[in-house]
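The sequence and the structure are shown first.

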Amino acid sequence: MVALIGGGHSVGVAHCSLFQDRLKDPKMDSKLKAKLQNTCRGPNDPSVVLDQMTPLEVDNQIYKQIKSQRGILRIDQNLGLDDSTSRIVSNFALNETLFGERFAEAMQIMGEIKVLTGNSGEIRTNCRVVSH
Ligand code: HEM
C-alpha cells in the first residue's frame with residue numbers, strides 16, 4: 001500500500017481543495033507552504049504537482065520529500081509519520097531500486113483485481129462515496 005500511494009502520487013497533480021488542511025500544519029516545510037498558499041489564492045481550485053522534484057517520473061523522490069516535511073496530501077505526509085509505515089518510507093527514500101520493484105509488484109496485484117461490470121459494479125460520481 002505504501003508503494004502504491006507513493007508511486008501513484010509521484011506523478012500527477014492535486015487540487016487545492018484537497019489539501020487545505022495541510023496549509024495550517026506548523027510542521028510543513030515553510031518554503032513549500034508559502035508556495036502552496038500563493039498558488040491556492042487563485043480562482044477555480046488550482047492544482048499543484050504532487051512530486052515537486054520530478055513530477056513526470058515515477059521514482060522515489062516523493063519519499064524524500066515526505067522525509068523533509070514536504071508531503072502535499074495528508075495521506076502522503078502521514079505515511080512518514082505513522083509508526084507502521086515510516087520505516088518503509090525511509091527505505092524507499094534511500095533505495096530507488098527497492099521502491100521500483102515493490103511498485104511494479106503492487107501494480108501487478110492491483111491489475112489482477114477483477115473489475116465489476118454491468119449491474120455488478122458502478123462508476124462512482126464521487127470516488128469517496130457509493131453513488132446508489
Ligand atoms: C497508482 C495509484 C494512484 C494514483 C495514480 C493516484 C493519483 C492521485 C491523484 C492525481 C490525486 C489528486 C486528485 C485531485 O486533486 O483531483 C490523488 C489524491 C488522493 N489519493 Fe491517490 N493515487 C493512487 C493511489 C492511491 C492509494 C492506494 C491511496 C490510498 C489507499 C490514495 C489516496 C489518495 C487520497 C486520500 C487523496 C486525496 C484526495 C481526497 O482526499 O479525496 N491514492 N491521488
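The sections below treat the basis of the model, the fold, the ligand shell, the charged side chains and the aromatic rings.

## Basis of the model

The model is predicted: local features require pLDDT of at least 70, side-chain atom pairs count only at pLDDT 80 or more, and totals for chains, interfaces and linings use all residues. Residues are numbered from 1 along each chain as its sequence is written, and side-chain values use heavy atoms, with hydrogens and water left out.

## Overall architecture

The protein contains six helices and two strands, where helices (H or I, at least four residues) and strands (E, at least two) are DSSP runs numbered from the N terminus. Along the sequence these elements follow the pattern α-β-α-β-α-α-α-α.

Taken along the principal axes, the box filled by the C-alpha atoms is roughly 50 × 40 × 30 Å. Of the 132 residues in the protein, 34% are buried. Here buried means under 20% relative accessible area, exposed means over 50%, and partly exposed lies in between (1.4 Å probe, protein chains only).

## The ligand shell

The shell around the ligand consists of Met1, Leu4, Ile5, Gly8, His9, Val13, Ala14, His15, Leu18, Leu73, Ile75 and Arg128; a residue belongs to such surroundings if one of its heavy atoms lies within 4 Å of the molecule. Helix α1 (2-8) and strand β1 (13-15) each contribute at least two residues to this shell. By class, the shell comprises eight nonpolar residues, three polar and one charged. In this scheme Ala, Val, Leu, Ile, Met, Phe, Trp, Tyr, Cys and Pro count as nonpolar, Asp, Glu, Lys and Arg as charged, and the others, Gly among them, as polar.

A polar side-chain atom of histidine 9 lies 2.8 Å from a ligand nitrogen, and a polar side-chain atom of arginine 128 lies 2.5 Å from a ligand oxygen.

## Salt bridges

Side chains of opposite charge can pair when their charged atoms come close. The whole structure holds four salt bridges, each defined as a side-chain nitrogen of Lys or Arg within 4 Å of a carboxyl oxygen of Asp or Glu. One of them joins arginine 74 and aspartate 21, with N to O at 2.8 Å. This pair links distant parts of the chain, 53 residues apart: arginine 74 lies in helix α4 (residues 74-81), and aspartate 21 in the loop between β1 and α2 (30-40). Arginine 74 is partly exposed at 36% relative accessible area, and aspartate 21 is partly exposed at 33%.

Arginine 22 and aspartate 25 form another salt bridge, at 2.6 Å from N to O. Arginine 22 is buried, at 1%, and aspartate 25 is buried, at 14%. In the pair of glutamate 105 and arginine 102, the closest N and O atoms are 3.8 Å apart. Both residues lie in helix α6 (residues 96-111), three residues apart, which is about one turn of the helix. Glutamate 105 is partly exposed at 40%, as is arginine 102 at 36%.

## A buried aspartate without a salt bridge

Aspartate 59 is located in the loop between β2 (47-49) and α3. Aspartate 59 is buried yet has no salt bridge, and the nearest side chain of opposite charge, lysine 64, is 7.9 Å away; Lys and Arg count as positive and Asp and Glu as negative, while His and the chain ends are not counted.

The side chain of aspartate 59 makes a polar contact of 2.6 Å with the side chain of threonine 54. A polar contact is a pair of N or O atoms within 3.5 Å; within protein, one must be able to donate a hydrogen and the other to accept it, and residues adjacent in sequence count only if both atoms are side-chain atoms. The aspartate 59 side chain also reaches the backbone nitrogen of glutamine 61, at 3.2 Å. Threonine 54 is located in the loop between β2 and α3 and is buried, at 18% relative accessible area.

## Aromatic pairs

The structure holds four aromatic pairs. Rings of Phe, Tyr and Trp (its six-membered ring) pair if their centres lie within 6.5 Å; planes under 30 degrees apart count as stacked, over 60 as edge-to-face and the rest as tilted. The rings of tyrosine 63 and phenylalanine 92 have centres 5.2 Å apart and planes at 65°, so this pair is edge-to-face. Tyrosine 63 lies in helix α3 (residues 61-67) and phenylalanine 92 in helix α5 (residues 86-94), so the pair ties together parts that are 29 residues apart in sequence.

Tyrosine 63 is buried at 0% relative accessibility, and phenylalanine 92 is buried at 4%. Ring pairs link Tyr63, Phe92, Phe99 and Phe103 into a cluster.
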